[in-house]
Amino acid sequence: ITVAQRNDQNAQKMREVASELGLPLSDVNALTIPRSDDVHPTNAGYISMKDSMVSQMPVSTIETMNCRVQAALLYIGLFCRAPESGGLAYWTGELAAGRLSFDSGSCANVMLAVPAVQLLYPSSMSNQAFIAALYVNVFGRQPDTDGLNYWLGVLNEYGNRGKVLSTMLDIGFNYKEYSNTNPLGLTSQILMHNRLAVGMAYGYIFNKSAVDTPYPYGILAGVT
């Protein structure tokens, strides 16, 4: 039989197993998915599959997933290291419960106030040194003059270091959505997504409890 026929058989078996066990099934094989070779979806096809699966998830599950991503991004932005399972679970819980917020910067500010973190980012640290440190973690490169001055202006406007970190992470992670096409920005976005994937694997999928070593010695060191 052809590969496509075998895929159809596998899909049917999945339907039968889901029915027997009473489990929810996102039946993406039932979708009309654009395919490039009659087997593998195109990019548009993968997006359709993602939308189908997300549409069937409980809202609480999606919100928790988003909070977990936000917590992991804060680890990357502050320390450029993968989050350990306990820390990731704690900060995810604080965000999911609404006690802290990513967008307002309150979660980042509470993290910055932790005594161990104060050793890295003391209150006496200049705004310029603070922005330069975050720039390397978030964008993966030393700040250029324009970039440094821009974020210094944002920090002076907000007067809120946590808010600036969250804004940097949001723009870096969603760079394309801001309709920007600078090659450096696109490269930074790819780097951040890849660091997040490795960080989430470490702290959530593999549930590692050991604290990762900060860059350039930890597991994120090999991520490009």
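Modeller: In this predicted model, Arg195 lies over the face of Tyr215, with 5.2 Å to the ring centre. Arg195 is also one of the residues of helix α10 that meet helix α3. Helix α3 covers residues 59-79 and helix α10 residues 183-205; their axes come within 10 Å and cross at roughly 110°. An angle from 65 to 115 degrees counts as roughly perpendicular, and α3 and α10 are therefore roughly perpendicular to each other. On the α3 side the contact is made by Arg68, Val69, Ala72, Leu73 and Ile76, and on the α10 side by Met192, Arg195, Leu196, Met200 and Tyr204. Sorted by class, this contact has eight nonpolar residues, two charged ones and no polar ones.

Now the aromatic rings. The model has five aromatic pairs. In one of them, Tyr75 and Phe79, the ring centres are 5.8 Å apart and the planes stand at 70°, so the pair is edge-to-face. Both residues belong to helix α3, and because they are four residues apart, about one helical turn separates them. Tyr75 is buried at 3% relative accessibility, and Phe79 is buried at 13%.

Tyr121 and Phe130 form another edge-to-face pair, with 5.6 Å from centre to centre and 75° between the planes. Tyr121 counts as buried at 5% relative accessibility, while Phe130 is buried with a relative accessible area of 0%. The ring of Phe130 also has a charge over it: the charged end of Arg161 sits 4.6 Å from the ring centre.

Definitions and conventions. Residues are numbered from 1 along each chain as its sequence is written. This is a predicted model: local features need pLDDT of at least 70, side-chain atom pairs count only at pLDDT 80 or more; totals for chains, interfaces and linings use all residues. Side-chain values use heavy atoms; hydrogens and water are left out. Axes are lines fitted to C-alpha atoms, for helices over the stretch in contact, and angles run from 0 to 180 degrees between N-to-C directions. Helices (H or I, at least four residues) and strands (E, at least two) are DSSP runs, numbered from the N terminus. Angles under 35 degrees count as roughly parallel, over 145 as roughly antiparallel, 65 to 115 as roughly perpendicular and the rest as oblique. Contact means heavy atoms within 4.5 Å. Ala, Val, Leu, Ile, Met, Phe, Trp, Tyr, Cys and Pro count as nonpolar, Asp, Glu, Lys and Arg as charged, and the others, Gly among them, as polar. Rings of Phe, Tyr and Trp (its six-membered ring) pair if their centres lie within 6.5 Å; planes under 30 degrees apart count as stacked, over 60 as edge-to-face and the rest as tilted. Buried means under 20% relative accessible area, exposed over 50%, partly exposed in between (1.4 Å probe, protein chains only). A charge sits over a ring if NZ of Lys or CZ of Arg is within 6 Å of the ring centre and within 35 degrees of the ring normal.
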